[in-house]
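Student: I have a model open and would like to work through its architecture. Can we go step by step?

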Amino acid sequence: MRTILITGATDGLGRHLAGRLAERGDRVIVHGRDADRVRRVREEIGGTTESVLADLADLRQVDRMATEVEERFDRLDVLVNNAGIGGGVPGSGREESRDGIELRFAVNYLAGRHLARRLVPLLVRSAPARIVNVASAGQQAIDFGDPLLTEEYGRQRAYSQSKLAQIMFTVDLAAELAAEGVSVTALHPATYMDTAMVRQSGAPILSSVKEGGDATLRLIDEDVPSGRYFNGTREARADSQAYDAEARARLRALSDDLIRRALGQTP
């Protein structure tokens, strides 16, 4: 029986994946930020499920959740960084996390990055293991002159650069873990799936959640090249910044600094 942690598992793609994996006999750790919603999902999907709670807009809660997973589970075969927020309703403005970080960068990227890095020792002990980062085809290069968009904010830009940051992190972590038996991949599961996030944005529904689920399950189940980005079930090319070693180094430095500050750690 595999142990699989899915963030954002109370709705949309995460909820769909949790149900299918539990039905197949995997032990699914259902993450959410609302205890009642997590409980309802566990009751609905049945199988062998566990729960963890954390608001990913608060890096201290992410850190606490990682500690809880390490203490409660003797293995972790797959981490699916699925939780995220879209660009928001049309006309919406800039928001910040509890740590004072631009919200989409914080939730879509930093939270999953910190969680994955904290859980690397457990994943390595469970190897062969996998990390799957649910990103997007909507990508935009990070402007390191204003990475948190304090000077000029655009809701789609905020979303798109957070998703590219996920892919840049995927490339780095895959190289770091190449000899450890842990693969790291990222994907765009499907375009404009029928989820609350897409409906909120006002975009047309073009894909089913099942379609996105099929693509994500492929990376959970099958041996594919680590460090790669997939569009659906096919390997694809991400924005060119994902393959720029200098840009990735700048992102690492920025991310490490933001996380240290949020956790009250000294350099």
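Tutor: Start with a convention for helix packing: axes are lines fitted to C-alpha atoms over the stretch in contact, and angles run from 0 to 180 degrees between N-to-C directions. Keep in mind that this is a predicted model.

Student: At roughly what angle do the axes of helix 1 and helix 7 cross?

Tutor: Helix 1 covers residues 12-23, and helix 7 covers residues 209-221. Their axes come within 9 Å. The crossing is right-handed. The angle is roughly 60°.

Student: Which class does that put helix 1 in, relative to helix 7?

Tutor: Roughly parallel needs an angle under 35 degrees, and roughly perpendicular needs 65 to 115. The axes of helix 1 and helix 7 cross at roughly 60°. That makes helix 1, relative to helix 7, oblique.

Student: How do helix 4 and helix 5 pack, and which class applies?

Tutor: Helix 4 spans 103-125, and helix 5 spans residues 155-176. Their axes lie 7 Å apart at an angle of about 15°, and the crossing is right-handed. Angles under 35 degrees fall in one class. So helix 4 and helix 5 are roughly parallel.

Student: Now the sheet. What is the strand order?

Tutor: The sheet is open, has 8 strands and shows mixed pairing. Its neighbouring strands are turned against each other by 25° on average, direction ignored. The order is 3-2-1-4-5-6-7-8.

Student: In which sense do strand 7 and strand 8 run, parallel or antiparallel?

Tutor: Strand 7 is residues 229-231 and is joined to strand 8 by 3 bridges.

Student: Which residue of strand 2 does Ile-6 stand opposite?

Tutor: Strand 1 (residues 3-6) pairs with strand 2 in the parallel sense over 4 bridges. Strand 1, helix 1 and strand 2 make a right-handed β-α-β unit. The residue opposite Ile-6 is Val-30.

Student: Is strand 2 largely enclosed or open?

Tutor: One set, Arg-27, Ile-29 and His-31, points one way. Val-28, Val-30 and Gly-32 point the other way, and all are buried. With 6 of the 6 residues buried, strand 2 is therefore largely enclosed.

Student: On to charges. How many salt bridges are there?

Tutor: The test is a side-chain nitrogen of Lys or Arg within 4 Å of a carboxyl oxygen of Asp or Glu. One set of residues, Arg-2, Arg-24, Asp-26 and Asp-221, is linked in a network. The count is 27.

Student: Which residue forms a salt bridge with Asp-36?

Tutor: The closest N and O atoms of this pair are 3.9 Å apart. Asp-36 is partly exposed at 44%, and its partner is Arg-39.

Student: Which residue pairs with Lys-210 in this way?

Tutor: Both partners lie in helix 7, 4 residues apart, about one turn of the helix. Lys-210 is partly exposed at 47% relative accessibility. The closest N and O atoms are 3.0 Å apart, and the partner is Asp-214.

Student: Arg-98 and Asp-55 also meet in a salt bridge. Is Asp-55 buried or exposed?

Tutor: The pair links distant parts of the chain, 43 residues apart. The N to O distance is 3.3 Å. Arg-98, at 58% relative accessibility, counts as exposed. Asp-55, at 12%, counts as buried.

Terms used: Residues are numbered from 1 along each chain as its sequence is written. This is a predicted model: local features need pLDDT of at least 70, side-chain atom pairs count only at pLDDT 80 or more; totals for chains, interfaces and linings use all residues. Side-chain values use heavy atoms; hydrogens and water are left out. Buried means under 20% relative accessible area, exposed over 50%, partly exposed in between (1.4 Å probe, protein chains only). Helices (H or I, at least four residues) and strands (E, at least two) are DSSP runs, numbered from the N terminus. Two strands pair if DSSP finds at least two bridges between them. A crossover is right-handed if, with the strands pointing away from the viewer, the path from the first strand over the helix to the second runs clockwise. Angles under 35 degrees count as roughly parallel, over 145 as roughly antiparallel, 65 to 115 as roughly perpendicular and the rest as oblique. A crossing is left-handed if the near helix is turned anticlockwise from the far one by less than a right angle, and right-handed if clockwise.
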